[in-house]
Amino acid sequence: MNENELKEIAALKSKEYVPLEGFVGIGTGSTVKYLIKLLAEDYRKYSNVTFVPTSAESMDLLNAGGLKTSTNFAGQIRIDIDGADEIDPQGNLIKGGGSALTREKIVAVNSERLIVIADESKLVKKLGRFKIPVEILEFLSEQTVKNLEKLGCNASYRSGEKSRSDNGNIVVDLDFGLLDNIIEKEIELKMIPGVVEAGLFVGITWKSIIGTQNGAKEKTYK
Ligand code: 5RP
């Protein structure tokens with residue numbers, strides 16, 4: 001099976017965790033797109049669910065599939081299902097390859113449970129081969145990037161449509177190499193003025209569902 005088929009397997013399994021009422025977070029990316037497609041095929045079943053999308057792209061796909069969305073509500077998000085760029089053995093993540101990291105983190109931390117769906121290529125022993133996406137304000141952005149580099153990384157700007165988030169901010173990718181202290185790294189990055197969010201998701205994941213050549217493999221972390 002190819003990578004896309006493995007993503008689809010993970011998405012199909014995760015659909016079993018979508019409740020039939022309440023608020024449900026929906027992430028961004030190619031794996032999540034498979035889930036949205038599967039949900040749209042059954043849209044009547046989810047008429048009492050309000051989906052909370054982490055990007056304009058996911059919102060448009062949900063709405064086009066007949067599924068209700070909101071990003072401004074009072075209530076508890078029961079479950080959030082999202083993709084990842086890297087997943088370590090403890091379920092810590094690098095996210096933001098699609099520039100949606102800030103909204104993804106807000107939805108994830110405000111959900112009772114985060115389920116990460118991915119193909120098996122996303123599993124790593126240590127995070128850091130995938131550069132850490134960081135969303136920064138345009139205001140004095142060159143100075144912010146210099147301050148980020150003082151932490152010991154190489155920063156690169158993106159080109160094309162992923163160079164900005166849906167919030168209108170710049171997304172840069174930081175190469176620190178493989179990471180040893182991810183909690184400290186997340187704090188260090190977020191302490192720099194101008195940084196809106198960093199694509200390190202530490203200790204948030206409840207469960208991963210990985211599409212493998214032997215089917216969907218689930219792992220629960222907390
Ligand atoms: C978007 C993300 C995505 O979840 C991540 O990039 C994985 O995407 P894909 O499912 O296409 O591999 O963090 O900001």
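This briefing describes selected helices, strands, loops and salt bridges of the structure above.

The model is predicted: local features require pLDDT of at least 70, side-chain atom pairs count only at pLDDT 80 or more, and totals for chains, interfaces and linings use all residues. Residues are numbered from 1 along each chain as its sequence is written, and side-chain values use heavy atoms, with hydrogens and water left out. Helices (H or I, at least four residues) and strands (E, at least two) are DSSP runs numbered from the N terminus.

**Helix α5 and its surroundings**

- Helix α5 spans residues 141-149, and its residues Ser 141, Thr 144, Val 145 and Leu 148 are buried; buried means under 20% relative accessible area, exposed over 50%, and partly exposed in between (1.4 Å probe, protein chains only).
- Seen down the axis of α5, the buried residues fall within an arc of 100 degrees, so they line one face of the helix; the arc is that of the directions from the helix axis to the C-beta atoms.
- Glu 142 and Lys 146, on the other side of α5, are exposed.
- The cover over the buried residues of α5 includes β7 (132-136), β8 (154-157), β9 (170-175), α6 (182-190) and β10 (195-198).
- Leu 137 lies in the loop between β7 and α5 and is partly exposed, at 39% relative accessibility.
- Together with Phe 139 and Leu 140, Leu 137 makes a nonpolar surface patch of about 340 Å². Patches consist of residues with over 30% relative accessible area and no salt bridge, like charges being joined within 9 Å and nonpolar side chains (Val, Leu, Ile, Met, Phe, Trp, Tyr) within 5 Å. Accessible areas come from the Shrake-Rupley method with a 1.4 Å probe; for residues, only the protein chains shown count as cover.

**Gly 96**

- Gly 96 is found in the loop between β5 (93-94) and α4 (101-109), where a relative accessibility of 3% makes this residue buried.
- Apart from neighbours within four places in sequence, Gly 96 is in contact (heavy atoms within 4.5 Å) with Asp 85, Leu 101, Glu 104, Pro 133 and Arg 158.
- A distance of 8.9 Å separates the C-alpha atoms of Gly 96 and Glu 135, which are 39 residues apart along the chain.

**Strands β12 and β13**

- Strands β12 (residues 207-212) and β13 (residues 215-220) run antiparallel and are joined by six bridges; two strands pair if DSSP finds at least two bridges between them.
- Ala 216 in β13 stands opposite Gly 211.

**Salt bridges**

- The whole structure contains 15 salt bridges, each defined as a side-chain nitrogen of Lys or Arg within 4 Å of a carboxyl oxygen of Asp or Glu.
- One of them joins the side chains of Asp 42 and Lys 15 (2.7 Å, N to O). This pair links distant parts of the chain, 27 residues apart: Asp 42 is in the loop between α2 (30-41) and β2 (49-53), and Lys 15 in the loop between α1 (3-14) and β1 (22-26).
- Asp 42 is partly exposed at 29% relative accessible area, whereas Lys 15 is buried at 15%.
- Another salt bridge joins the side chains of Glu 57 and Lys 33 (3.1 Å, N to O). Glu 57 belongs to helix α3 (residues 56-64) and Lys 33 to helix α2, so the pair ties together parts that are 24 residues apart in sequence.
- Lys 190 forms a salt bridge with Glu 197, with 2.8 Å between the closest N and O atoms.
- Salt bridges that share partners join Lys 13, Glu 16, Lys 207 and Glu 218 into one network.
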